[in-house]
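Colleague: I am new to this structure and would like to learn how to read its strands and turns. Could we look at it together, step by step?

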Amino acid sequence: MMRSLFSGVAGLKTHQTKMDVIGNNIANVNTVGFKSSSIVFSDLMSQTTQRASGANATTGTGGINARQIGLGVRSAAINMAITQQGASQSTGNPFDLMINGENFFVVSDGSSNFFTRDGSFYIDGAGNLAMTSNGYNVMGWGVDPQTGNIYKDTVTALRVMNTANMTYPAEATSQATIAGILDRNDTDVSSTNGKVVNLSFYDAAGYSYTAKIVFKKSDPQEGKGTEYSIELAKILDSNGDEVDLSGVEGDLFGQESTQLKETVLQLGNGYVWNGTKLETAGGETIVDLNDISDWDDLSAASKYPADAADDAKWTNRQILDEVAKAYGYEGSTDEFLALAQVADNGSYVDILEMLETDLANFAAATSKDAAGEEHRLTVNGRVYEGTTISFDKGTGNFNGIGGTVTQTTSILRLSQLGPNFSDITIDFSGIGDWNNKGTSTIGADAGIADPSGAILGTGRTIGNMIGLSIQTNGMIYASYDNGMTKLLGQIATAQFPNASGLEKQGNNLYAATMNSGEFDGIGVDITADGGSMTTGELEMSNVDLSSEFTQMITTQRGFQANSRIITVSDTLLEELTNLKR
């Protein structure tokens with residue numbers, strides 16, 4: 001038999017194999033993450049009819065090359081272009097990921113790890129990040145609960161939407177900042193009620209409150225700059241109800257001290273005294289001081305009068321609230337009751353004492369004398385729960401708190417209200433006593449900026465998860481409706497010394513082999529060698545159709561030529577058999 005027949009058959013088989021490789025490449029031209037393959041031929045073997053001989057110096061003849069007849073072709077290797085990056089396709093799905101580099105995603109069927117370039121993922125019903133094609137879990141690293149950082153240990157399934165991750169815990173406010181212009185010509189800061197600044201804060205359970213902090217200007221003291229008092233007027237809950245502060249021992253804000261502020265106590269327009277009765281100008285009785293049953297009990301809990309109908313009961317405190325209102329101290333009854341009159345003999349008489357024992361003098365203080373001049377009660381001191389803030393008299397720059405130039409913060413001691421509250425350290429250094437045409441711009445914000453620009457200590461309500469995002473380094477973050485974010489884990493990747501040595505397992509999966517290098521079970525950070533992940537995109541097949549079609553043409557011609565070898569060899573054999581004729 002002619003050797004060319006078998007060479008032709010070997011050629012047909014090998015070109016058929018090449019066509020199989022080309023056909024598989026073209027079939028997977030739109031397969032996510034597919035890596036094209038190529039085949040390499042080598043000659044099969046050769047039959048030596050004469051071995052090579054060397055030159056003979058004795059006879060003077062030269063050497064002769066060996067005489068070998070080839071016996072065909074075979075497929076030497078099928079190589080996979082596994083490190084060649086495929087084109088990107090935008091999907092808009094935030095869980096679709098594309099690897100830029102030579103790494104692989106690590107996925108698991110629950111017992112074995114596999115590797116893939118297919119980054120089409122989704123969140124399954126159990127909250128795991130998984131492949132959409134077969135449900136294999138995407139593997140990665142969890143978060144160290146102590147540090148909040150990624151802990152790179154043996155890869156585990158990334159369960160990003162478990163119960164613990166669905167909410168972000170509340171936190172009590174611990175820092176605050178008050179800044180802006182405190183204009184000394186602002187009528188609010190020199191009024192009885194002062195300039196009110198609202199500070200919103202949270203307790204540890206996430207409930208919101210509003211602290212009303214009041215700034216009041218005092219009279220200038222010799223050798224000192226401009227001073228203001230800082231007082232906590234009240235705290236309101238989220239429903240607008242006032243928090244009961246009666247059980248608090250000591251002061252919530254600063255240290256109780258006396259600050260001078262000379263003022264004139266004068267009965268407001270539309271009010272008159274008729275004996276112990278406070279009346280309107282029209283003669284309508286507002287309250288009667290004789291109705292106060294117990295002058296030592298001014299709490300809101302004391303009901304009065306005892307014999308009145310339930311819907312008409314007044315507390316002792318409510319009666320005095322009306323009196324304070326008549327003198328311009330609405331909402332500031334405590335301050336009104338703490339005022340003192342400077343008598344002719346230099347002694348101090350409390351307003352409360354005057355109301356109780358000497359109402360005639362108290363009323364006469366705002367009545368007209370024979371000359372028609374009003375008698376006014378001059379007050380030169382007040383007691384408040386708080387501290388002082390001062391400014392340089394010349395520049396108006398912040399000068400310190402409580403008389404200490406270097407002190408810029410004061411503490412609102414809310415922890416006395418219960419375990420859910422935290423003390424709030426308030427920074428006042430951003431306040432300036434500057435001219436702003438009589439308008440103060442001072443305001444309060446929870447939190448304080450650190451050197452990096454982050455706002456710390458703001459506190460927060462409990463947050464519900466509203467979204468997930470994956471960073472270019474594979475880190476997965478959850479965002480919550482309270483403005484917080486939380487690191488949930490990081491997608492791990494695998495890297496192999498010889499990635500082309502991986503073995504295809506179908507479903508876009510590969511398995512490690514002895515020639516690819518083993519997976520250590522931990523994986524690598526994709527950014528370790530400059531790689532990254534792109535969200536909302538998938539890596540497409542790296543099949544080059546122009547190259548495949550060209551290869552298909554040459555394969556077809558090669559197959560055709562080998563078939564001609566068989567045809568011609570057959571003709572020669574036919575001629576040989578015809579010799580018997």
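Modeller: Let us begin with an idea that we shall need for facing residues: two strands are said to pair if DSSP finds at least two bridges between them. Please keep in mind that this is a predicted model.

Colleague: In which sense do strand β36 and strand β37 pair, and over how many bridges?

Modeller: Strand β36, which covers residues 463–470, and strand β37, residues 475–480, pair in the antiparallel sense, and 5 bridges are found between them. Within this pairing, M465 stands opposite Y480 in β37.

Colleague: Which residue takes a positive phi in the hairpin of β36 and β37?

Modeller: That residue is G474, whose phi is positive and near 90 degrees, in a hairpin that has 4 residues between the strands.

Colleague: And how does β37 pair with strand β38?

Modeller: The sense is antiparallel here too, with 5 bridges linking β37 to β38, which spans residues 485–491. S479 stands opposite T485 in β38. These two strands form a hairpin with 4 residues between them, and in its turn G483 has a positive phi of about 90 degrees.

Colleague: How many helices and strands are there in the protein chain?

Modeller: The protein chain holds 6 helices and 43 strands. Of its 581 residues, 39% count as buried, a term that applies under 20% relative accessible area.

How values were computed. Residues are numbered from 1 along each chain as its sequence is written. This is a predicted model: local features need pLDDT of at least 70, side-chain atom pairs count only at pLDDT 80 or more; totals for chains, interfaces and linings use all residues. Side-chain values use heavy atoms; hydrogens and water are left out. Buried means under 20% relative accessible area, exposed over 50%, partly exposed in between (1.4 Å probe, protein chains only).
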